[in-house]
Amino acid sequence: MIETITIVSGHGKDGTPEAVDQLELRMGDVVSIVGPTGSGKTTLINDIELFADGTTPTGRRVLINGAAPPDEYRENPANHPIALITQHTTFLSDLPVGEFLATHARIRSKTERDVEALLEETLEFANQLTGEPIQTEMRMTELSGGQTRALLIADATIICDTPIVLLDEVENAGIHRTRALELLRRRRKIFIFVTHDPRIALLSDYRIVMRGGKIADVLYTDAAERAYAHEVSKLDDALCILRDKIRHGERLTGHLLEVFACN
Amino acid sequence: MQLAICAGPATTGKTSVLRHMIKKLLAQGYRPAFLKIDVQYAEEDIQLFKEFGIPTRKVYSGELCPDHCNVMVLGDALEWARECGCDVLLVETAGLCLRCSPYVTGGLGMVVLEATSGMNLPLKVGPMLSLADVAVVTKIDRVSQAEREVFRARIQDVAPSVRIREVNALYGIGIDPLVRLLEEAPAAHAGMELRGNPPVGTCTICVGKKNIGWREHFGVVRSLETDIFYQGE
């Protein structure tokens, strides 16, 4: 059983050491990685994903339960404990959704009954994240950006069911983020979000701040920020409503902004 | 002399993987040489020479099958590497044939496959995969976790003895295990042979008869309705 991942720190692009010696992520943690473009966020999750062992450009090492990850993670990829969803990640298959998920579920589980149950649970999960329901007979390549993201997350969470899930900037594709965080928190896993989204950052337990290729700080979400998270969500909801109106060809009026201000 | 022969379809990242291996090998004090075999165009030899200053060269196979060409020139290439004072030879093949494979009975056979090439690819590439020692999977961040897992499972289905290594060929992550496999592989030696049987290749089309339809040919022929799966030996 995986209980912790430890990032033993390396160095930034200029060779100077990171701000913390090591960082321990515990099972159940929801963590954000924040920082400007080019600050090393994606490199950090790549280091985690492939269990850096001091030989990657950052010199970081990644430990599982305090020790070097067992070879079996590499030897038998089915035991690999990490699922990765990046901003480039997409489905290439053009199979119908049901058939695609069943193919994946079959290599992960034994019986056809499990496959059926996993399929149903995955779709239900995905459909709570997207406004436009996904049907089993839709083709994978027909799914919208939001549906694709929702299904990627649902598939990684339920069918892969890996103890660690890495999500690289998943917010840009119209999924219900608060709902996603709520659903994900019910599962005992380590979730790591690379994000620019204040909503996700504030709903995380802490955020790793990247600068110049290295970990510059670790900020725990404090009580004030937690209180503030609700306001941030409302602001964000308001923007979402405006975005939807634009999308549906409606006009925006000053009146809408007043309504949001009163909320 | 340690030897690695690298195959894999075009654009999968063979050169990127080898480039990172060269970097690691040099850091460990090895003296690698690099040979590229391609059909009609390649510039990897120039790129890698510029970057590392190691002995590099290329061979164009032209109208000869590039894997066939590999068999022809490999003996000379090992001699060349030795004369250059090298102790590792990395051979990058054109990697386009789905009927045979370039690996030999010494050294390490590597196939580089990209996860983006579809879940069925491992079922299609034949001996290029099944006779390799290690399958290196690139572009893993581009596809869904589901497709990546199905891809790995399909490699294991068709080639259970082939080790799988997922790498990030852009950042050079996951390359060390490949260098270790290269170090552990049996050294190149006299009397090495091609691992697989060459495919059936003796047909009248091979020798230049270009007419369409099997009735125009003799020797190894087949109609659309014939359901024979030709196999070497």
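Domain bounds here come from an automatic or database domain assignment. Keep that in mind as you work through these exercises on a predicted model.

**Exercise 1. Into which domains is chain B divided, and how far apart do the C-alpha centres of domain 1 and domain 2 lie?**

Step 1: Find the bounds. Domain 1 of chain B covers 2–184, and domain 2 covers 200–233.

Step 2: Look at the centres. Taken over C-alpha atoms, those of domain 1 and domain 2 of chain B lie 31 Å apart.

**Exercise 2. Now do the division for chain A, and describe how domain 1 and domain 2 sit relative to each other.**

Step 1: Chain A splits into domain 1 (1–81 + 162–221), domain 2 (90–161) and domain 3 (223–263). Notice that domain 1 is written as two stretches, 1–81 and 162–221.

Step 2: The C-alpha centres of domain 1 and domain 2 of chain A are separated by 25 Å.

Step 3: Check who takes part in the contact. Domain 1 of chain A gives 17 residues, and domain 2 of chain A gives 17 residues.

**Exercise 3. Trace the open six-stranded sheet of chain A and describe the pairs at its two edges.**

Step 1: The order is S5-S6-S7-S3-S8-S9 in chain A, and the pairing is mixed. The edge strands are S5 (82–85) and S9 of chain A, each pairing on one side only. From one strand to the next, the twist averages 20°.

Step 2: S5(A) and strand S6 (residues 164–168) of chain A run parallel, with four bridges between them. A:Ile82 has A:Ile164 in S6(A) as its bridge partner.

Step 3: Strand S8 (residues 206–211) and strand S9 (residues 214–220) of chain A are antiparallel partners over six bridges. Here A:Tyr206 faces A:Tyr220 in S9(A).

Step 4: Check the turn. The hairpin of S8(A) and S9(A) has two residues between the strands, and A:Gly212 takes a positive phi near 55°.

**Exercise 4. Is helix H3 of chain A roughly parallel or oblique to H5(A), and which is it to H6(B)?**

Step 1: Take H5 (residues 145–160) of chain A. Its axis and that of H3(A) come within 10 Å and cross at roughly 30°. Angles under 35 degrees count as roughly parallel, so H3(A) and H5(A) are roughly parallel to each other. The crossing is right-handed.

Step 2: List the contact. H3(A) brings A:Val97, A:Leu101, A:His104, A:Ala105 and A:Arg108, while H5(A) brings A:Leu151, A:Asp155, A:Ile159 and A:Cys160. By class, that's six nonpolar, one polar and two charged residues.

Step 3: Turn to the other chain. The axes of H3 (residues 97–108) of chain A and H6 (residues 145–158) of chain B come within 10 Å and cross at roughly 55°. That makes H3(A) oblique to H6(B), and this crossing is left-handed.

Step 4: Name some of the residues. Among them, A:Phe100, A:Thr103 and A:Ile107 of H3(A) belong to the contact, as do B:Val150 and B:Ala153 of H6(B). The contact of H3(A) with H6(B) has five nonpolar, three polar and four charged residues.

How values were computed:
Residues numbered from 1 in each chain as written. Chains lettered and ligands numbered in written order. Predicted model: local features only at pLDDT ≥ 70, side-chain atom pairs only at ≥ 80, totals over all residues. Heavy atoms only, no water. Axes fitted to C-alpha atoms, helices over the stretch in contact; angles between N-to-C directions. Parallel < 35°, antiparallel > 145°, perpendicular 65-115°, else oblique. Left-handed = near helix turned anticlockwise from the far one by under 90°. Contact = heavy atoms within 4.5 Å. Nonpolar A, V, L, I, M, F, W, Y, C, P; charged D, E, K, R; others polar. Pairing = 2+ DSSP bridges.
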